[in-house]
Amino acid sequence: MTIVDYSNFEFLTDKEYYSSYGEYMSVSLLKKFADDPMGFDEYMADRKANEKPSDALVVGQAAHALILEGDDEFARYRICDAINERTNKSYGRNTKAWDAALERQNIHPWWALSREQFNMCRRMYQAVRDNYEAVQAIDACDHIEWALRGSLGNCKFQGKLDACNQNGRIVDLKTMRAGSSGQEQIENFKYLWQAWCYTSLYAKAFDMEMDDVSFEFVFVTKEEDPKVEVIKVDQRDASFWEAECGVRSAIKALQVSEQQNDRRAALFFLGDMR
């Protein structure tokens, strides 16, 4: 992963990027704060204490590695052989059988997939490669997994761009559960917050106008027959600028609550947004 810091380019490992969460705000953390400012500090404490990855996180990262970077990156993921002989299916990630298999096979928890998850990642990859729009978007990008840092409203911010080029194109890959639609995901998870933040930071980093930056989502479902959907963000749509208002309000609420050492101060700025 490469990090862009306005005029500087330097290599940054995943470990360095994720370990800097205490120094930099991210879109996911900002959304968590906006949704529950009173519970945010407890969430952050629990996050540091519990380093065990979830299925959704590991499968998502594995799918990103395969779809965006290919077999060489995907090769770090291994199949955990914790198989229930009665059902011939894998035990869950939070079972003793899973932990015992990881130790026996010497697999790090972050790189372990069940047999079913491994095969599903392969199917998701093929579904994306079979989709003309998705291939056009991803293959137009020559930089994968770029971390971008900058300031938004005096807040130190960082985000990891799944795919981009230096000509104003950003592509973000999203995995989603079966039966979901991309538009539902955008609305339910405030993904336009991410689109606005990344577009703003990218434009500043490369001295461009935001209107000259294209942001596209590529959605792929996690199921037997994965579905792929490409949605290009329309900056002229009111929802994009509503996202900006949400981001700026959340940043202001975060900063004021920290200055006053009282999370209740955030409620005034967040209003009905929660």
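**Close-ups of charged side chains**

At 56% relative accessibility, Arg104 counts as exposed. It belongs, like everything in these views, to a predicted model.

**View A. Asp81 and Arg104 pair up in a salt bridge.** The N to O distance here is 2.7 Å. Asp81 sits in the loop between strand E3 (78–79) and strand E4 (83–84), while Arg104 is in helix H6 (residues 96–105), so the contact ties together parts 23 residues apart in sequence. Asp81 is partly exposed, with a relative accessible area of 37%.

**View B. Lys160 and Glu145 form a salt bridge between two strands.** Their side chains meet at 3.3 Å, N to O.

**View C. Lys227 reaches Glu223 in a salt bridge.** The N to O separation is 4.0 Å. Lys227 counts as partly exposed, at 44% relative accessibility.

View D. For context, a search of the whole structure turns up 18 salt bridges.

**View E. Asp207, Glu209, Asp211 and Asp212 make up a negative surface patch.** Take Asp211 as one of the group: you'll find Asp211 in the loop between helix H10 (191–205) and strand E10 (214–222). Asp211 has a relative accessible area of 64%, so this residue counts as exposed.

Note on methods
Residues are numbered from 1 along each chain as its sequence is written. This is a predicted model: local features need pLDDT of at least 70, side-chain atom pairs count only at pLDDT 80 or more; totals for chains, interfaces and linings use all residues. Side-chain values use heavy atoms; hydrogens and water are left out. Patches are made of residues with over 30% relative accessible area and no salt bridge: like charges are joined within 9 Å, nonpolar side chains (Val, Leu, Ile, Met, Phe, Trp, Tyr) within 5 Å. Accessible areas come from the Shrake-Rupley method with a 1.4 Å probe; for residues, only the protein chains shown count as cover. Lys and Arg count as positive and Asp and Glu as negative; His and the chain ends are not counted. The place of a charge is taken as NZ of Lys, CZ of Arg, CG of Asp or CD of Glu. Helices (H or I, at least four residues) and strands (E, at least two) are DSSP runs, numbered from the N terminus. Buried means under 20% relative accessible area, exposed over 50%, partly exposed in between (1.4 Å probe, protein chains only).
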